[in-house]
Amino acid sequence: MPADDADTHRRADGPVLPGDLGPEPLAITRLVAVALDEDLGPAPGRDVTTQATVDARARGRADVVAREAGAIAGLVVVPEVLDQVADRLDLPHATVTWHVQDGAVVEAGTVLATLEGPTQVLLVAERTLLNLVSRASGVATHTHRWTQALSGTGARVLDTRKTTPGLRALEKYAVRCGGGTNKRMGLFDVAMVKDNHVVAAGSVAAAVRAVRERFPDVAVQVEVDRPEQADEALDAGADFLLLDNMGTATLAATVALVRAREGSAGHVELEATGNLTLDRAREVALTGVDYLSVGALTHSSPILDVALDLDPRSVTAPVDVRADVPAGAASAVPAPAREPAPRP
């Protein structure tokens, strides 16, 4: 669908996380197009099983169901997947009835949405739709566990740039659905001075100064792994410190050092990072840091099992591939173009 229509659909009547704008619509449009190309072949592509066994005139109804308990994310992609599939097959668009919104925490067996439309559209869209919702819901569920572990401490869990290529907008949205916070979207919106930047620039102060001069509009974060480096970063004017791979005692001492200087330096946000685990989360949070950053939210979350169940009673046209079928059915779908085989 066009970007403006997609924007209206998701943000007006869709299942977007309450209070959130959702993933950038153009990113979702591109993501779905690539995912469908993978599954169907180059556009328009084909599904040789569905288009051979299901009459193009058939209509049906299917439920998207959570097979296990967890936090839900990614429902915002469902209309885009259905619409792009319908356009590829030259069939009418399916409709969606939402039963929950992204961010909901559900029990196993919960129906998340009901889809109605051409049965071919529902079945061709099935795997792409489920891959994206399952992946996003897995990230949201993992993040939700961290937010529960940190409840009452005042600290929040952050994501990182350790995302699946092509899925960053969706995965970072999923973190928000699970109650987490996005650290930065990429290399373009926040400066993060790490050890290699310090080596290249010559010192923390030189690195911070260079960023301030070249990109005065961005916040500057500095990674430190010793209390004396925190002092150096504060002297250089850092807005945000990453306290990397520190033991709890060192972390607490560094937090105390920074807080003692805030009268002159102003408030500095502090993030614990590196080798953090759920069983240590509260201990780290109680040192007084503002955030815990956890790359595993996006690089190691298992999927949440989500399924699509077609109601057999809802199919309203006969399955008869021998009948005179319209365009979009099996006999009218050409094979995708392929590269010629190399000569021996």
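Axes here are lines fitted to C-alpha atoms, for helices over the stretch in contact, and angles between N-to-C directions run from 0 to 180 degrees. The model under study is predicted.

**Exercise 1. Describe how helices α9 and α10 are arranged relative to each other.**

Solution. 

Step 1. Two packed helices are described by the angle between their axes and the distance between the axes. For α9 (residues 227-236) and α10 (residues 248-265), the axes come within 9 Å and cross at roughly 25°.

Step 2. Angles under 35 degrees count as roughly parallel. Helices α9 and α10 are therefore roughly parallel to each other.

Step 3. The handedness of the α9 and α10 crossing is right-handed.

Step 4. On the α9 side, Pro227, Ala230, Asp231, Leu234 and Asp235 make the contact, and α10 contributes Thr250, Thr254, Leu257, Val258 and Arg261. Sorted by class, the contact of α9 with α10 comprises five nonpolar, two polar and three charged residues.

**Exercise 2. Determine which parts of the structure the salt bridge between aspartate 290 and arginine 259 ties together, and classify both partners by accessibility.**

Solution. 

Step 1. The closest N and O atoms of aspartate 290 and arginine 259 are 3.1 Å apart, and a salt bridge requires such a pair within 4 Å.

Step 2. Aspartate 290 belongs to the loop between α11 (281-285) and β11 (291-293), while arginine 259 is in helix α10, so the pair links parts 31 residues apart in sequence.

Step 3. Buried means under 20% relative accessible area, exposed over 50%, and partly exposed in between. Aspartate 290, at 18%, therefore counts as buried, whereas arginine 259, at 25%, counts as partly exposed.

**Exercise 3. Apply the accessibility classes to the salt bridges of glutamate 228 with arginine 226 and of arginine 280 with glutamate 283.**

Solution. 

Step 1. In the bridge between glutamate 228 and arginine 226, the closest N and O atoms are 3.0 Å apart. Glutamate 228 is partly exposed at 48% relative accessibility, and arginine 226 is partly exposed with a relative accessible area of 38%.

Step 2. For arginine 280 and glutamate 283, the closest N and O atoms are 3.7 Å apart. Arginine 280 is buried, with a relative accessible area of 19%, but glutamate 283 is partly exposed at 43%.

Step 3. Elsewhere, salt bridges that share partners join Arg61, Asp311 and Arg313 into one network. In total, the structure holds 18 salt bridges.

Notes
Residues are numbered from 1 along each chain as its sequence is written. This is a predicted model: local features need pLDDT of at least 70, side-chain atom pairs count only at pLDDT 80 or more; totals for chains, interfaces and linings use all residues. Side-chain values use heavy atoms; hydrogens and water are left out. Helices (H or I, at least four residues) and strands (E, at least two) are DSSP runs, numbered from the N terminus. Angles under 35 degrees count as roughly parallel, over 145 as roughly antiparallel, 65 to 115 as roughly perpendicular and the rest as oblique. A crossing is left-handed if the near helix is turned anticlockwise from the far one by less than a right angle, and right-handed if clockwise. Contact means heavy atoms within 4.5 Å. Ala, Val, Leu, Ile, Met, Phe, Trp, Tyr, Cys and Pro count as nonpolar, Asp, Glu, Lys and Arg as charged, and the others, Gly among them, as polar. A salt bridge is a side-chain nitrogen of Lys or Arg within 4 Å of a carboxyl oxygen of Asp or Glu. Buried means under 20% relative accessible area, exposed over 50%, partly exposed in between (1.4 Å probe, protein chains only).
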